[in-house]
Amino acid sequence: MVTIQETEIIQKGLSAVNRAKELGRPILISEVHQMDMIHPLQFFNAGKERYQGERFFWKDPTNDVILIGLGISKQIQSDQATDRFFLVEKEWKNFLKDSLIYNEFNEIGTGPVMFGGFSFDPYKEKTELWSKFADSLFHIPKYLLSIVHGKAFLTINTVCTPHDDLSLFSKILEERNQLLGSLEQKYKSLPSALVEKREILPEKWKSTVDGVVNELTNGPLKKVVLARELRLVFNDLVEAEDVLNNLYTQQHESFIFAFESNGDCFIGASPERLVKKQGTEVYSTCLAGSISRGKTEEEDRILGETLLNDQKNLIEHGYVVEMIKEALEESCEEIILPAKPQLMKIRDIQHLYTPVIGKCNQAASLLLLVERLHPTPALGGLPKEAAVEKIRQVEDLDRGFYAAPLGWVDYRQNGEFAVSIRSGLIQGREASLFAGCGVVADSNAESEYMETSLKFRPMLRALGGQ
């Protein structure tokens, strides 16, 4: 599975302990080993008994990078609203300072990686729904499985304090051996059954849409994205492993993610990249405007052509393209942008889609790009600040991590963030699903309501509903 010399670990551990004592503060020691290929869900499932509540899962749409973290060696969290992106980056860099990193592989997503995200709006009044998640929350795992371009790597992260001795590494070796041994076990479960679906204030939501439409007709706002919640109740505990397996099978062409915190699990399959940085290359996605898939190939083609020629959706999409272009221009020397959108077809929905590529300098900050891009007009509206303020005023929903940036950054400052839509929050025997739509001057409340119902479908199916 993976060959790790125990005497070598002890020697490196001694170096780490001595450095921590010398500096008088904790330091990180991180080791990367290549291992035999393993199914990513198998690794996630293997952490259920020991690390439940401390796991994450990430898969990009092309399977180029799959990351699974078990345990927490370091947590970066804050509910401070101002400068939150800067503060997370500062703490991440401070954590990496003087660390001992043993990584002979030149692969992104190996070695120390932090995974997590930010709430949609830290100024929105927080509710009990998202009480287990800080407004900024990132985990650096004890054990990280990275499957990068078809090769598997295991990163072991250990934080040494000045008070530790070599017994710490004996415990790590024992824990690691137990984890690797558990990979052979088969995960078994009895999926819970859905017993109740509760639409949260649907008529009030439609009334809010009507009110915003009136303001858009007569005011400076061009677009406001309004979201709503569907609450599900089950006959037993909802197992994240089952939902993740369903998403992996049903929505494989999406960003598939799960992020556990204090017993709750935020999980989803998003079609939308916010931003990716690899060296000097930056990638973003403009995704706005949607229509259902057809039951036949011909019906699907006609629906796609309708979307490509629909002026409301094209205008809405254009807002997103312009905003993302402007945000990237501040950090990029060159922007490559197609002249018109194409279709992105996923299982239940097809979207207007425009890919964006930028060239930046090596030192450009990924989290600064995330800050500039969030929220795009597809998730907030236009103008950005006024639209977010309107959402804060009229939307009953506490979005938490829904529609917000979720992703990872490695110690070389590469990484990727998705927009966490098509998502849900698992809480024991219950789960909340979230969906939103762009409200513009000619929007119709009933049509927008039906659009959100369509967007609930991927997560509803993954949870065993219809």
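Leu274, His374, Pro375, Thr376, Leu379, Ala403, Ala404, Pro405 and Val419 line the second largest cavity of this predicted model. By residue type, that lining divides into seven nonpolar, two polar and no charged residues.

The whole structure holds three cavities of 30 Å³ or more. In the largest cavity, 15 residues form the lining, and Asp121, Lys124, Asp398, Arg399 and Gly400 are the closest to its centre.

| Cavity | Volume | Lining residues by type |
|---|---|---|
| Largest | about 120 Å³ | five nonpolar, two polar, eight charged |

Helix H4 covers residues 84-96. With 13 residues at 1.5 Å a residue, H4 should span 18 Å, and this agrees with the 18 Å between its end C-alpha atoms. Seen down the axis of H4, the buried residues fall within an arc of 135 degrees, so they line one face of the helix. These buried residues of H4 are Arg84, Phe85, Val88, Glu89, Trp92, Phe95 and Leu96.

The cysteines come next. Zero disulfides are found in a search of the whole structure. Cys160 has a relative accessible area of 0% and is buried. Cys265 has a relative accessibility of 4%, so Cys265 also counts as buried, the cut-off being under 20% relative accessible area.

Notes
Residues numbered from 1 in each chain as written. Predicted model: local features only at pLDDT ≥ 70, side-chain atom pairs only at ≥ 80, totals over all residues. Heavy atoms only, no water. Helix = DSSP H or I, 4+ residues; strand = E, 2+ residues; numbered from the N terminus. Expected span 1.5 Å × (residues − 1). Buried < 20%, exposed > 50% of the residue type's maximum accessible area, 1.4 Å probe, protein only. Arc of directions from axis to C-beta. Disulfide = S-S within 2.5 Å. 1 Å grid on protein atoms, 1.4 Å probe; cavity = no way out; pocket = protein on both sides within 12 Å on 5 of 7 lines; lining within 4 Å. Points joined across faces, edges and corners; volume = space filled by probe spheres on them. Nonpolar A, V, L, I, M, F, W, Y, C, P; charged D, E, K, R; others polar.
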